[in-house]
Amino acid sequence: MITAIVALAILAVIFGLALGYAAVRFKVEGDPLVEKIDAILPQTQCGQCTYPGCRPYAEAIAKGEADINQCPPGGETTIIALADLLGRDPKPLNPEHGEEKAKRVAVIDEQVCIGCTLCIQACPVDAILGAAKQMHTVIEDECTGCDLCLPPCPVDCIDMVEIKSTTDTWTWDFPGNLPENLASLANRVNPAASNDDKTSSPLEETSSKKTGTEA
Amino acid sequence: MKLNTPTSPHIHADISIRKMMSRVLIALVPAVITYTWFFGWGLLINMGIGIATALVCEFLMLKARKRPVHQFITDGSVLVTAALLAFCIPPLAPWWLMVIGVSFSVIVAKHLYGGLGYNPFNPAMVGYVMLLISFPKDMTVWLPPFILSELNFSFLDTLSAIFMGAFPLGFTLDALTAVTFLDLIKTQLNIDVTVAETKNTHAIFGDFGGIGWEWIGNWIFLGGVWLIYKKVISWHIPVAVLGSMFTIALIFYLKDPDHYASPMFHVFSGAAMLGAFFIATDPVSAATTTMGRVIYGIGIGILTYVIRVWGGYPDGIAFAVLLMNLAAPTIDYYTQPRVYGHKRNEP
Amino acid sequence: MMRRLFNFSGGVRLREHKRESTVSPVTRAQIPEKIILPLHQHIGTPARPVVNVGDRVLKGQIIAKAGNNVSAPIHASTSGTITAIEDCAIPHPSGLPAPCIIIETDGRDEAVSHYGQSRDYHSLTAEQLRDEIKQAGIVGLGGAGFPSYLKLENKDHKITTLILNGVECEPYITCDQMLMRNHAIDIVNGLKIMQQALEIDHCIIAIENNKPKELELMQEAIYEAEADHIELVQVPTVYPAGGEKQLIQMLTGKEVPSQGLPMDIGIVCHNVGTAYAVTRAIEHNEPLISRYITVAGSVAKAKVLEVLIGTPVSHLIEECGGNRKTLSRVIMGGPMMGFALHDDEVPVVKTTNCILVNSVISDVPLPSRSNAAMPCIRCGACAEACPANLLPQQLYWYARAKDFDKVQDYNLFDCIECGCCDYVCPSQIPLVQYYRYAKSTIWQQEKEKVLSDISRQRHEFHNLRIEREKKEREQRHKQKRKAVAKTSSQDDKKAAIQAAMERVRKKRDQEHVQPKNIDDLTEQQRKLIEEVEARRKNKLEDL
């Protein structure tokens with residue numbers, strides 16, 4: 001009886017030492033999890049996930065406080081990438097946090113703007129150019145479409161405009177999940193062809209104005 | 001003018017699942033005729049029961065899973081399952097055996113795993129194994145060849161035997177049945193009668209295997225070769241199964257011909273031929289890479305031999321196939337071909 | 001001729017359908033009413049217009065110069081007036097418009113001076129040849145559209161072999177075949193020019209073995225040109241033998257490294273059409289303004305036409321006796337890799353090699369997918385057919401699951417989108433669609449990642465800036481408090497407070513900042529300013 005206890009105790013010590021040694025010797029150095037999660041998130045800094053920015057959300061996921069399906073701008077691809085990284089099952093976007101929309105940018109209507117700087121202070125990536133009582137304008141390339149500038153504007157002069165796809169940004173549609181959906185591919189008419197309802201948004205106007213002379 | 005904009009390619013080979021399944025059934029026809037010649041109408045009746053059950057179960061499951069019924073019920077895959085299961089069941093087995101087997105195959109082994117293309121195990125084999133384990137007595141009452149024709153069992157007699165268990169002329173099933181060839185070898189070897197002695201004393205020995213069964217094996221072989229020619233199946237799995245079975249049988253036969261049956265016997269008896277060409281080649285549950293298929297086939301061949309010689313059952317094809325079905329995804333993972341432009345062993 | 005050929009894995013044998021369009025001789029397509037020239041007909045950056053609306057241009061005149069880096073210029077295909085430089089429907093699977101130059105033709109087909117003038121090129125250096133080829137707007141006419149001058153540079157003399165691709169493995173397409181039939185000598189001369197630009201000796205011309213007539217003509221042309229170093233090789237008729245990677249493997253046994261170029265293994269591959277264009281440009285001073293195109297399918301007369309680049313497809317369909325009213329599908333390219341057009345008014349571009357037409361009356365030659373797709377039965381036919389030795393089945397499963405990491409693990413980007421897997425799939429699954437979807441989504445995601453990294457940096461800087469301003473404000477307050485605390489007496493404090501209040505009062509009186517630029521305002525502008533001021537006052541009061 002005593003010998004059994006002693007033998008097991010010695011074995012436990014040996015294995016414990018072996019495991020401890022292995023934990024140190026074969027340790028894998030890698031990025032901390034938060035960095036990896038943050039790299040996947042879209043950096044819109046919109047706050048729809050209920051955290052004040054993408055970094056805090058990444059930290060919450062790493063701690064296990066937040067779920068992976070709270071990011072609408074990231075959409076399905078972000079959820080799948082996070083699921084892949086964390087070894088979990090992907091799940092559909094939580095509708096409480098919003099829905100996946102096409103990428104949009106903010107556009108300030110210059111006729112209405114009063115130069116109050118409230119939107120400049122609200123923008124998390126400093127994409128709005130302007131100063132007190134001077135014209136404000138959104139730098140299109142830097143705008144992430146987070147919508148945070150809309151509430152502060154006292155004259156409601158900011159619109160969110162969808163970015164139109166060009167032949168450079170266009171991607172193929174997803175062919176479908178179930179075999180049954182694929183029947184429609186046989187004689188499908190591409191919806192992009194029906195461009196009848198052209199809205200006159202400022203973004204569209206810039207692309208069609210082409211002068212003959214060079215810049 | 002609104003033009004249709006489907007995606008390339010805009011032409012397609014003249015092949016579909018229905019065509020493939022029809023060809024498999026056509027390849028079975030010569031074997032079915034031979035079987036009926038030797039063993040009576042039982043097979044055809046069982047096939048009829050099987051096909052009817054299969055279609056009914058498929059219809060019910062498709063409706064329950066809210067899938068398009070017409071598209072799937074006409075693809076012919078359940079017909080092949082029913083036909084193969086009918087081959088595995090004794091010709092005078094009661095009707096409910098077929099019904100239970102086919103329903104289990106279609107409902108559990110196929111649809112509960114996701115339907116066509118998603119079953120990890122060969123449905124016919126799952127059904128067969130379930131029947132074998134649940135109703136061992138009914139599943140092992142095989143007939144000797146020609147006995148039904150000697151007794152002038154007509155078609156109606158066979159029907160009444162299957163559906164009502166009523167045998168004419170006062171015969172019972174026990175009186176009719178005899179051991180199959182494989183079973184005979186196994187039991188004789190257990191009591192230390194050599195193979196050669198068994199061959200001489202028992203009439204059911206043919207040239208290669210049991211009388212009747214070896215002819216069925218021939219026709220299945222030819223049907224399988226036709227399927228390979230028509231590119232319905234590839235040659236890797238049948239060659240691997242038969243080749244490995246032949247090789248391992250040869251090794252042991254050369255070592256001790258008295259206690260191990262010859263490789264030709266093994267290859268032509270039981271469900272070896274059927275398994276090699278029709279069962280193991282089920283695309284959904286088999287391995288898919290070329291090398292993977294060869295390994296898969298070798299596994300089945302060796303396992304079948306092992307179970308036949310040292311295992312508890314006279315024929316091991318069903319278990320061998322199911323065991324290798326388990327291994328198929330892993331085999332696929334480790335046998336990926338080298339992609340153009342990459343070096344070997346590159347990620 | 002007796003070169004040992006290697007095999008490439010997979011491939012499919014297709015019905016060729018070449019006879020229909022090769023029985024009649026090649027004719028020139030009629031000059032259309034308008035020519036639409038997209039600015040982006042090649043790989044690289046779009047060309048930039050050098051003409052204005054209203055200008056009259058001549059045939060062969062340069063109307064758009066090459067953009068930065070990898071690009072090619074565009075020339076007017078015939079004489080006429082520029083009516084517009086705007087977004088117009090272009091041949092693209094998306095159906096989206098892109099910038100084009102539109103010329104209304106005058107039918108006179110007047111060319112620029114020196115157009116068609118013969119000249120001797122032997123004295124030109126390799127550098128000069130390349131420059132001429134660039135200026136002529138020549139891009140890869142096999143379908144890729146890569147500016148050819150970039151593939152004629154032999155850096156460090158690493159390139160040892162030049163292959164001319166006359167294989168044309170896709171069904172229906174016969175433009176290269178007819179080009180070889182009619183202009184074998186020009187093609188060989190083009191090859192010699194390319195050879196001079198590359199400064200190499202060894203050249204191979206590859207033809208499929210279903211073109212015996214063309215093989216003979218090319219052999220004669222090689223003899224006539226006294227070009228013993230040019231090897232003419234026949235390759236078996238298997239699709240996709242004409243794919244660059246597969247052709248190189250067949251001819252040399254070498255494989256182009258993944259994500260690499262043939263240049264990496266010392267080989268350069270050009271199309272016979274490109275060689276012909278090079279001859280026209282260098283020997284005859286004609287920039288790339290026309291090319292051979294096959295028109296086939298549900299047309300009365302399938303044939304190969306010599307088409308001006310920018311001709312609308314509808315014009316060609318009519319010329320070949322097709323009925324535009326009963327069109328159901330128009331494919332630009334071959335039946336395996338071509339894409340369906342949304343509109344038959346789109347123009348033909350430099351890389352167009354074939355127009356296939358389907359009518360509503362019959363599905364010949366392009367049947368719709370016969371049945372709805374079935375689930376994958378894991379039969380492995382796709383893997384057997386794949387010329388790149390991929391596992392299309394695995395790519396399908398992971399692309400469908402949108403697992404873009406796994407799909408790249410199975411080497412998605414080595415897929416050449418030839419369509420062999422799709423062609424043989426018994427379940428009729430549109431496999432190539434999944435791969436195209438996965439590829440374009442992954443590229444888009446990579447672009448978005450770059451943008452999101454920049455956004456992250458901006459956000460971090462934004463936070464930093466706020467912190468910094470907060471700290472500075474605190475510093476200032478601390479100092480001010482210190483300064484105030486220094487004054488000991490009550491009176492001093494009172495005086496400081498008084499002074500502060502005076503300042504505030506003065507500021508409030510001066511609240512109206514004098515705006516600049518207020519002389520000579522129109523009535524409307526004055527009104528606008530008043531409105532803005534009123535709103536501002538209201539809102540500031542509300543706040």
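This is a predicted model: local features need pLDDT of at least 70, side-chain atom pairs count only at pLDDT 80 or more; totals for chains, interfaces and linings use all residues.
**Chain B**

Of its 347 residues, 57% count as buried, that is, under 20% relative accessible area, with exposed meaning over 50% and partly exposed in between (1.4 Å probe, protein chains only). Among the contacts in chain B with a separation of 6 or more, 75% are between residues 24 or more positions apart, a contact being heavy atoms within 4.5 Å.

**Chain A, two domains**

Next, colour residues 32-101 of chain A as domain 1 and residues 102-168 as domain 2; these bounds come from an automatic or database domain assignment. The centres of the two domains of chain A, taken over C-alpha atoms, are 24 Å apart, and 6 residues of domain 1 are in contact with 9 residues of domain 2. Between them the domains of chain A bury about 540 Å², 55% of it on carbon and sulfur atoms, buried area being the accessible area (1.4 Å probe) that two parts lose on being put together, summed over both. Now pick Thr44(A), Gln45(A) and Lys101(A), which supply 75% of the area that domain 1 of chain A buries against domain 2, more than any other three residues.

Across this interface of chain A there are 0 salt bridges, a salt bridge being a side-chain nitrogen of Lys or Arg within 4 Å of a carboxyl oxygen of Asp or Glu.

**Chain C, two domains**

Moving to chain C, select 27-105 together with 115-332 for domain 1, and 372-472 for domain 2. Here the domain centres, over C-alpha atoms, are separated by 31 Å, and 6 residues of domain 1 of chain C are in contact with 7 residues of domain 2. The area buried between the domains of chain C is about 540 Å², with 50% of it on carbon and sulfur atoms, and the count of salt bridges between them is 0.

**His42(C)**

Zoom in on His42(C), in the loop between strand E2 (34-38) and strand E3 (48-49) of chain C; at 5% relative accessibility, this residue counts as buried. Its side chain makes a polar contact with the side chain of Ser71(C) at 3.4 Å, a polar contact being a pair of N or O atoms within 3.5 Å, where, within protein, one must be able to donate a hydrogen and the other to accept it, and residues adjacent in sequence count only if both atoms are side-chain atoms. The backbone nitrogen of Ala72(C) lies 3.5 Å from a polar atom of the His42(C) side chain. Leaving aside residues up to four places away in sequence, His42(C) touches Ala47(C), Ser71(C), Ala72(C), Val139(C) and Gly145(C).

**Leu528(C)**

Finally, select Leu528(C), in helix H15 (residues 523-542) of chain C, which counts as partly exposed at 34% relative accessibility. Draw a C-alpha to C-alpha distance from Leu528(C) to Leu150(C): the two are 56 Å apart in space and 378 residues apart in sequence.

Conventions. Residues are numbered from 1 along each chain as its sequence is written. Chains are lettered from A and ligands numbered from 1 in the order in which they are written. Side-chain values use heavy atoms; hydrogens and water are left out. Helices (H or I, at least four residues) and strands (E, at least two) are DSSP runs, numbered from the N terminus.
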